[in-house]
Amino acid sequence: MPVPEPVVPRPGPRASRRPTYTVCAALLLLLTGCAAAGTAPGPTAVRADAHAPTGGVGAAGPGAAAARGPAAPTGPLEIRMLGQTARSAIPAESRQALVVTGNSPHSSEATAVLYTRDDPTVGWQPAAGPWPAHNALHGWTDEHRVNDLRTPIGVYGLTAAGGLLEAPGTELPYVQSPAFTVSGEGFDGESLEGSFDYVIAIDYNRVPGASPLDPTRPLGEERGGGIWLHVDHGGPTQGCISLPEDRMEELLRILDPAKVPVIVMGDVAALTR
């Protein structure tokens, strides 16, 4: 918005003055990916046409529009910090989107915010977060490969969950198994125990709806897999997104397969494309 020109007072009465490792020990061999903080945009949304020009037929002239002030934005709300590429990749039927924003292309720290779109005429609304998160040690990539220690950028479904612990109450298909046991240390020397107490499979190079433990890789083994949301262990992951345990429990209770939940993830620059 242009800065108004200063007003030079005319002579007369004086005006008043106002004044953002070693994980998966046994499980890593099966999954070929781990399933292992800066500042990111907050939980805001913007109207789809908020930047459209105002005025039109019937306006009383430029002075009249200025006198009335800017027209109120109309149309459904969009997630403000997402660019057209990310927005268009979200399925039209999705009503839940977890947006994970990395601080930079090479950062392992991120922020997560859950948005909902229960009324398409209203659009996206922040529903939970922001929450602190971790991603892969070396940051982000548009073309994930096995052992590159980067998290894949993109929009992916969230269709199945599991963990070492009993489900905290979730509508997602949930597999409880001792196969989610993990030990060892992370990249910063932190304990990995409990990291897979709760996991949500991210549908990157996997069969949507299958167990998080399913080893099938539709894109090929070289493209990696086993990319999950899981409990944060206090350091970078091998490729996954990690959240504090209480936030994982909360997310599991909120996500609903009927609302076609997705995760939108990447560094700031990638998500604004």
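**A walk around strand 11**

Strands here are DSSP runs of E with at least two residues, helices are runs of H or I with at least four, and both are numbered from the N terminus. This is a predicted model, where local features need pLDDT of at least 70, side-chain atom pairs count only at pLDDT 80 or more, and totals for chains, interfaces and linings use all residues. Residues are numbered from 1 along each chain as its sequence is written, and side-chain values use heavy atoms, leaving out hydrogens and water.

Strand 11 (residues 228-231) runs antiparallel to strand 10 (residues 199-202), with 3 bridges between them; two strands pair if DSSP finds at least two. Another 3 bridges tie strand 11 to strand 12 (residues 241-243), this time in parallel. There, His 230 stands opposite Ser 242.

Now look at Leu 229. Along with Ile 200 and Ile 263, Leu 229 touches the most other members of the largest nonpolar core, which has 30 residues. Such a core is a set of buried Ala, Val, Leu, Ile, Met, Phe, Trp, Tyr and Cys residues joined through side-chain atoms within 4.5 Å, and buried means under 20% relative accessible area with a 1.4 Å probe, counting protein chains only. Beyond its neighbours within four places in sequence, Leu 229 has contacts (heavy atoms within 4.5 Å) that include Met 248 and Leu 251.

Definitions and conventions
Buried means under 20% relative accessible area, exposed over 50%, partly exposed in between (1.4 Å probe, protein chains only).
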